[in-house]
Amino acid sequence: MVKSPDAAARPASPAIMWFRQDLRLKDNPALRAAAHGGTPLLCIFILDEEVMRLGGASRWWLHHSLAALGAALEKHGVPLLLKRGSAGPVLEELAAETGARALYWNRCYEPAAIARDKKIKDAMKEKGLEVKSFNAALLCEPWEIATKTGEPFKVFTPFWKALQQKTIPAPLPAPKELVAGPKVEGEALETFALLPSKPDWAGGLKEAWQPGEEGARARLAAFLDEDLREYPAKRDLPAQPATSRLSPHLHWGEIGPRQVWSATEAAFASDAMQTKSGTAFLRELAWRDFSHNLLYHWPSLESENWKSAFDAFPWVKDEKGFKAWCAGKTGYPIVDAGMRELWHTGWMHNRVRMIAASFLIKDLLVHWKEGADWFWDTLADADLANNYASWQWVAGSGADASPYFRIFNPVLQSEKFDPKGAYIRKWVPELAGLDDKHIHRPWEAPEAALEKAGIKIGRDYPAPVVDHFEARDRALEAYQAVKRVS
DNA sequence: TGAAATGTTGGGGCG
DNA sequence: ACGCCCCAACATTTC
């Protein structure tokens, strides 16, 4: 492009809006800043797989989310440019090609993204661009919240109290008008090859979800309207659709936590019952911030025990047990139901995540990292901070973690939270014919009950891979190794 | 955001 | 009538 000496004779130089995990138009501070004053925009998403480690379900989600964002931008007459490769060089080339003078994005908090973004910011500033980043993903960024002594929070409850003292800014409206910048040749979404082909396992995901900003908005509205009031009572019952199911939308920033915060507050205004429920829900939303806070301050959270005493834990290489767990064939119905829900829909109810994770870690003694990596690949809401912080929470190796000796009994949990076995019947249909009493522990069902339900243990449904009571003793003994070094 | 083991209490059966 | 034992039911401790 030839530089004109007369700036007024050509359109204003464009700004680059670099979309990452903020795939929305509303409450998008970077987009708003980039579009300010009618600046021509170059909207771009870069598939940068050096930095973005994507699981299978996440790839599926991203495909549809990008399609939705592209369509939404098109409505404003602005294309979404797609490129793949290393983000730095891609952005430099784009700026050179278009004469862009500004670059805006919303911040990410994963260690690899932080390192990349810092490099890009320095390099682009060096080239004379204005580079600005914003918060679109958190209620409160990690450097904005600290204990009285200035330390990062390591315990959730004080973190939550401190967060409630903060003023959570109101969400921003979508920019009124977007102006397209110069035309640039991009790639077709299909070339990203984000969708599964052989085999196409995404049928269940398609039924369960509507990725994109509109889907996120509708999901939140339905939750607030239909489920919020009974959230505290029903959130632990996996057979009830009582949770928000916003996690994948939040991960890709199709909706921001501040939008969720303000809409929830609006929903519970002047209704004491609703206020209590709303607060319970927002407390869960705050866990998301807490996890990001932990990952930011302890970037090795993904791979290392947060409590190093757990380095001494004698994990077991149980290939067979791990495979049974992945496949939903452990012989413990509540665990298997969860693992199959995950495989089928890319999501698992939170209560069941805890039960399934506890089973892998404590009953099978398999390292939390292996479970976390499986979740990473199968969860549509796979999120580095949430996933790894939560697995370490269950393992007992994390910050403010559940003590290791708190071991879930998968049968009691099942009886307590799925009393009628509705969740089990949905996801483990071969057990559907068993009565409520035996469905949580089919191996103890009398011969007659099994026969009536058409089940033979070991043929139609597996025998338990481990005996929970033996496993519990084994786990407590293994835990001694951690106690000895701490 | 557990569960099992152990301890305590009190009502009722029964010699 | 009384003391003894049994054992729910609940509380506390331990892992």
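**View 1. Asp27 sits in the loop between strand 1 (15–19) and helix 1 (29–35).** Helices (H or I, at least four residues) and strands (E, at least two) are DSSP runs, numbered from the N terminus. The model shown is predicted: local features need pLDDT of at least 70, side-chain atom pairs count only at pLDDT 80 or more, and totals for chains, interfaces and linings use all residues. Residues are numbered from 1 along each chain as its sequence is written, while chains are lettered from A and ligands numbered from 1 in the order in which they are written. Have a look at the backbone here: phi of Asp27 is near 45°, a positive value in a residue other than glycine. Most residues other than glycine have a negative phi. Asp27 counts as buried because 24 other C-beta atoms lie within 10 Å. (Buried means 20 or more other C-beta atoms within 10 Å of the residue's own, exposed 12 or fewer, and partly exposed in between, with C-beta atoms placed from the backbone.)

**View 2. Arg245 belongs to the loop between helix 8 (231–234) and helix 9 (247–251).** Phi of Arg245 is positive too, near 55°. With 20 other C-beta atoms within 10 Å, Arg245 is buried.

**View 3. Helix 12 (residues 319–327) has Gly321, Ala324 and Trp325 as its buried residues.** Seen down the axis of helix 12, these fall within an arc of 100°, so they line one face of the helix; the arc is that of the directions from the helix axis to the C-beta atoms. They pack against helix 13 (333–345) and helix 14 (350–363). On the other side of helix 12, you will find Glu319, Lys320 and Lys323 exposed. Gly328, with a positive phi near 70°, follows the helix.

**View 4. Asn135 lies in the loop between strand 5 (130–134) and helix 5 (156–165).** It counts as partly exposed, because it has 19 C-beta neighbours inside 10 Å. Leaving aside neighbours within four places in sequence, Asn135 is in contact (C-beta atoms, placed from the backbone, within 7 Å) with Pro29, Asn106, Arg107 and Glu141.

Definitions and conventions:
Two residues are in contact if their C-beta atoms, placed from the backbone, lie within 7 Å.
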